[in-house]
Amino acid sequence: EARDAVRTALDLDPQLAEAHASLGHIILDLDFNVKNAETEFKRALELDPEYPVAQYWYGRLLTMRGRYDESIIHLKRAIELDPTAPMPYQSLAILYGFSGRYDEGIAEAKKALEMDPTQETHKWAIYRILLYDSRYRDVLETLKAYGDAESLMGQFFANSAYLRMGEKERARDFIVRNERTLGETLPSHLFYFYYALGDVDKAMVWAGKAVEAHDYYILYTYAYPQLRPFHSDPRLQALWKRLGLVD
């Protein structure tokens, strides 16, 4: 229905920036076609460079492709054009986390959380950045501070910290017990966890399931800092080419 609506909009006005941006969003998040989505976002920005949603969505895509410097420009521009929308702050936070600017990333995620305390992913961004910064004890303390220590996703982040602190069996026990539940909602997270455990075969199985389920977090695998040492892995290369993240 979304696709039909945007096609109707473009039939009525092919120069409508909002429609091109919406089509790019559908192509990226639903079709997993990164290259075609980029074409639509660029067209939207040609037609209306002041449209903040297009700036945000294009900035997100550039993060996925590891083009950090360009992504920062577009995400910051989205915030300048509409400083009241929380999601660009969250995306900028993750980008800063990927590029090693951890304190700045946490600050941006907190801005998003202040704007919308009901959005769980703003807290998730903070936990992720603390993990990237190897602040594992801080992950556990922050989970408690935000009341997430007992939730499933809170336990996911806690065990991600335990894993990196060397408590491998504890982490493996958690993920095995909760594999089915997590796999039904966020198969991409099982990919990341199993890769960190060193079980690459199982990780790649969950990567395939994440693509099938259109779990958009799998689109961030190329930019994910913990995978940088493994970029030459032919299985990862095949995944990224399939998604259009690399040429």
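Modeller: Start with the largest pocket: α8 gives the most to its lining, with 6 residues. This is a predicted model, where local features need pLDDT of at least 70, side-chain atom pairs count only at pLDDT 80 or more, and totals for chains, interfaces and linings use all residues. Residues are numbered from 1 along each chain as its sequence is written, and side-chain values use heavy atoms, with hydrogens and water left out.

Biologist: How much space lies in the largest pocket?

Modeller: Rolling a probe the size of a water molecule over the atoms shows where empty space is left. On a 1 Å grid over the protein atoms alone, a pocket is an open set of points where a 1.4 Å probe fits, with protein on both sides within 12 Å along at least five of seven lines; lining residues have an atom within 4 Å of a point. Volume is the space filled by probe spheres set on the points, which are joined across faces, edges and corners. Here the largest pocket holds about 430 Å³.

Biologist: Which residues are closest to its centre?

Modeller: I94, R128, Y132, H189 and Y217, out of 27 lining residues. Two or more lining residues come from each of α4, α6 (86-98), α8 (120-132), α10 (152-164) and α13 (187-197). Helices are DSSP runs (H or I, at least four residues), numbered from the N terminus.

Biologist: How do the lining residues divide into nonpolar, polar and charged?

Modeller: Into 18 nonpolar, 6 polar and 3 charged. Ala, Val, Leu, Ile, Met, Phe, Trp, Tyr, Cys and Pro count as nonpolar; Asp, Glu, Lys and Arg as charged; the others, Gly among them, as polar.

Biologist: Now the charged pairs. How many salt bridges are there?

Modeller: A salt bridge puts a side-chain nitrogen of Lys or Arg within 4 Å of a carboxyl oxygen of Asp or Glu. The whole structure has 25. Take D31 and R3: their closest N and O atoms are 2.9 Å apart. This pair links distant parts of the chain, 28 residues apart: D31 sits in the loop between α2 (17-29) and α3 (34-47), R3 in α1 (residues 2-12).

Biologist: Is D31 buried, partly exposed or exposed?

Modeller: Buried means under 20% relative accessible area, exposed over 50%, partly exposed in between (1.4 Å probe, protein chains only). D31 is partly exposed at 37%, and R3 is partly exposed at 35%.

Biologist: Which residue forms a salt bridge with R77?

Modeller: E50, with the closest N and O atoms 2.8 Å apart. R77 lies in α5 (residues 68-81), E50 in the loop between α3 and α4 (52-64), 27 residues apart.

Biologist: Where do R180 and E184 lie?

Modeller: Both are in α12 (residues 179-185), 4 residues apart, about one turn of the helix. Elsewhere, salt bridges that share partners join K35, E38, K42, R65, R67, E70 and D247 into one network.
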